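Work through the exercises below with the sequence and the structure at hand. Each task is followed by a solution in steps.

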Amino acid sequence: SSENVNVRGALIVLEGLDRSGKTSQCSRLHSYLAEQGIPAELWRFPDRNTCVGQMISSYLANKSQLDDQAVHLLFSANRWEKRSLMENKLKSGTTLIVDRYSYSGVAFTSAKGLDIEWCKAPERGLLAPDLVLYLDISPEEAAKRGGYGGERYEQLEFQRKVSQQYRILRDGTWQIIDACLPVEDVEKQLRKLVFDCIIACRNGKSLSPLL
Ligand code: FDM
């Protein structure tokens with residue numbers, strides 16, 4: 001019906017440590033939404049396809065060195081360069097399922113010892129997610145899952161620090177999901193939360209900037 005013209009999509013972000021299951025849950029959610037006939041796209045940050053993304057990718061692969069501040073700002077710029085497309089997609093009714101966002105930016109850089117407020121500053125003004133889903137797993141459990149890919153941050157000691165920073169960042173609006181439950185149980189919880197969020201956005205919940 002013509003009522004659907006102004007309906008917007010939801011900005012849904014999945015966060016968590018490496019090996020928490022984010023990426024596979026993102027693609028499960030995406031298929032679920034497709035089955036439901038809900039327009040949705042799968043996004044991820046860093047987006048390694050842009051020029052900035054390629055610099056980040058080479059840094060993560062230990063093929064280049066950058067100061068902590070410089071790479072932090074590249075990660076942020078990588079979100080800024082996608083901001084207007086993101087807004088257009090959402091306004092045209094597409095839901096975005098995003099694998100990592102500003103919270104990864106702040107958690108990973110502040111885990112290196114940089115001031116958390118300094119880390120947050122360049123994120124202000126990006127679009128605020130409608131829903132943050134945190135796949136909760138201890139660094140030790142995550143490490144047991146194996147398959148750390150050998151990129152720069154994929155080490156237990158560092159993941160412990162990242163985990164602490166995520167703890168500082170979470171607020172009452174985050175949905176914390178126990179990532180050690182069977183995949184199907186995690187999936188079931190995520191489906192419900194995502195579905196409800198999409199309905200809330202359709203019913204007029206407004207898009208806002210990240211503060
Ligand atoms: N990462 C990711 C950051 O340090 N800052 C950011 O802003 C983002 C989005 O990059 F270790 C880190 C987190 C992870 C690495 O992520 C690459 P993927 O999900 O493995 O591609």
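**Exercise 1. Count the aromatic pairs, then describe the one formed by Y153 and F158.**

Step 1. This predicted model holds 10 aromatic pairs, where rings of Phe, Tyr and Trp (its six-membered ring) pair if their centres lie within 6.5 Å, and planes under 30 degrees apart count as stacked, over 60 as edge-to-face and the rest as tilted.
Step 2. The ring centres of Y153 and F158 are 5.1 Å apart and the planes meet at 25°, so this pair is stacked.
Step 3. Both Y153 and F158 are buried; buried means under 20% relative accessible area, exposed over 50%, and partly exposed in between (1.4 Å probe, protein chains only).
Step 4. Y153 and F158 belong to one aromatic cluster together with Y59 and F108.

Residues are numbered from 1 along each chain as its sequence is written. As the model is predicted, local features need pLDDT of at least 70 and side-chain atom pairs count only at pLDDT 80 or more, while totals for chains, interfaces and linings use all residues; side-chain values use heavy atoms, with hydrogens and water left out.

**Exercise 2. Find what lies over the rings of Y59 and W43.**

Step 1. The criterion is that NZ of Lys or CZ of Arg is within 6 Å of the ring centre and within 35 degrees of the ring normal.
Step 2. Over the face of Y59 lies R152, at 3.7 Å from the ring centre.
Step 3. Over the ring of W43 sits the charged end of K82, 5.6 Å from the centre.

**Exercise 3. Describe the lining of the largest pocket.**

Step 1. A pocket is found on a 1 Å grid over the protein atoms alone: it is an open set of points where a 1.4 Å probe fits, with protein on both sides within 12 Å along at least five of seven lines, and lining residues have an atom within 4 Å of a point.
Step 2. The volume of the largest pocket is about 550 Å³, a volume being the space filled by probe spheres set on the points, which are joined across faces, edges and corners.
Step 3. Its lining has 28 residues, and D18, K22, R44, R48 and R100 lie nearest the centre.
Step 4. Two or more lining residues come from each of helix 1 (22-35), helix 3 (68-80) and helix 5 (102-110); helices (H or I, at least four residues) and strands (E, at least two) are DSSP runs, numbered from the N terminus.
Step 5. Helix 5 gives the largest share, 4 residues.

**Exercise 4. Which residues does H72 contact, leaving aside neighbours within four places in sequence?**

Step 1. H72 is found in helix 3 and is buried, at a relative accessible area of 1%.
Step 2. With contact meaning heavy atoms within 4.5 Å, the partners of H72 are G105, V106, T109, W118, C119 and P122.
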